[in-house]
Amino acid sequence: TGTFTALLTGLTPGLTYYYQAYARNAIGNGYGDTLSIYAMTCESIDHEGHTYATLAVGEQCWFAENLKATTDRGGAAIPSCLDDDAWIAASHGATAVYAEGGAEEASNLDAYGRLYNGFAAISGALCPEGWHVPRRAEWEALFAEVGDVDLAGQILKASSTDIPSWDGTNAANFSAQAGGLREAATGAFANAGIQGGW
């Protein structure tokens, strides 16, 4: 009785794989159905002078790093460098780099990408052509693909070797980073290296 979860890695893109789970005990062997998966390929994408690696998980393609865009899909600048008060008062899309204006701004941009407010995220124009901010159902499909919602955080997070405060294994090569956030009530930067939000 019980459940079994396994993550298949190292598959060759563009091939279909057939698999069957089995259990063995003193009584004998029990076999599951023969199922198949297609190892998708996802192409890297160039946007605003940055090449983003992508990752196939199940039937979805994901960016393998956080977005760093400063303009929307139409080329309009996304407002940035907002102080705390302007950030919480914004009624339009906005972006920031964690600890903007500080000595660690460049390294934070490199490690974590940019932070976007909710208006930018729901605008429909934040991501490059052909891409979009993931919807809830897409996150749920990702979680199901790597096991289930209880296992997904650990499997999707960068490993604890990369981020000591994380308990991640990065078994899916998703490399989720602890990029922090800006507090909704105060606009203050918080929790880089501890928390990430998507």
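## Terms and basis

Residues are called buried when their relative accessible area is under 20%, exposed when it is over 50%, and partly exposed in between, with a 1.4 Å probe and protein chains only. The model is predicted, so that local features need pLDDT of at least 70 and side-chain atom pairs count only at pLDDT 80 or more, while totals for chains, interfaces and linings use all residues. Residues are numbered from 1 along each chain as its sequence is written, and side-chain values use heavy atoms, with hydrogens and water left out.

## Overall architecture

The chain has five helices and ten strands, where helices (H or I, at least four residues) and strands (E, at least two) are DSSP runs numbered from the N terminus. Taken along the principal axes, the C-alpha atoms fill a box of roughly 70 × 35 × 25 Å. Of the 198 residues in the chain, 30% are buried.

Contact here means heavy atoms within 4.5 Å. Among the contacts in the chain with a separation of 6 or more, 41% are between residues 24 or more positions apart.

## Nonpolar cores

A nonpolar core is a set of buried Ala, Val, Leu, Ile, Met, Phe, Trp, Tyr and Cys residues joined through side-chain atoms within 4.5 Å. The largest one has twelve residues, namely Leu-55, Val-57, Trp-62, Trp-139, Leu-142, Val-146, Ala-152, Ile-155, Leu-156, Ala-172, Phe-174 and Ala-176. At least two residues of this core come from each of β5 (54-57), α4 (136-146) and α5 (149-156). Another core, of eleven residues, lies apart from it and includes Ile-45, Phe-63, Ala-69 and Ala-120.

## Packing of α4 and α5

The axes of α4 and α5 are 8 Å apart, and the two helices pack at an angle of about 85 degrees; such axes are lines fitted to C-alpha atoms, for helices over the stretch in contact, and the angles run from 0 to 180 degrees between N-to-C directions. The helices α4 and α5 are therefore roughly perpendicular to each other, given that angles under 35 degrees count as roughly parallel, over 145 as roughly antiparallel, 65 to 115 as roughly perpendicular and the rest as oblique.

On the α4 side the contact is made by Leu-142, Phe-143 and Val-146, and on the α5 side by Val-149, Ala-152, Ile-155 and Leu-156. By class, the contact of α4 with α5 has seven nonpolar, no polar and no charged residues, where Ala, Val, Leu, Ile, Met, Phe, Trp, Tyr, Cys and Pro count as nonpolar, Asp, Glu, Lys and Arg as charged, and the others, Gly among them, as polar. Leaving aside residues up to four places away in sequence, Ala-152 touches Phe-143 and Val-146.

## Aromatic pairs

Rings of Phe, Tyr and Trp (its six-membered ring) pair if their centres lie within 6.5 Å, and planes under 30 degrees apart count as stacked, over 60 as edge-to-face and the rest as tilted. Nine aromatic pairs are found in the whole structure. For Tyr-22 and Tyr-31, the ring centres are 6.1 Å apart and the planes are at 40 degrees, so the pair is tilted. Tyr-22 and Tyr-31 are both exposed.

For Trp-139 and Phe-174, the ring centres are 6.3 Å apart and the planes are at 65 degrees, so the pair is edge-to-face. This pair links distant parts of the chain, since Trp-139 is in helix α4 and Phe-174 in the loop between α5 and β9 (179-182), 35 residues apart. Both Trp-139 and Phe-174 are buried, and they belong to one aromatic cluster together with Trp-62, Phe-143 and Trp-198.

## Individual residues

Most residues other than glycine have a negative phi. Glu-48, in the loop between β3 (45-47) and β4 (50-52), has a positive phi of about 55 degrees although it is not a glycine, and at 37% relative accessibility Glu-48 counts as partly exposed. Asn-173, in the loop between α5 and β9, likewise has a positive phi, near 60 degrees, and counts as partly exposed at 46% relative accessibility.

Gly-124 lies in the loop between α3 (118-122) and α4 and is partly exposed, with a relative accessible area of 48%. The C-alpha atoms of Gly-124 and Arg-73 are separated by 8.7 Å, although these residues are 51 residues apart along the chain.
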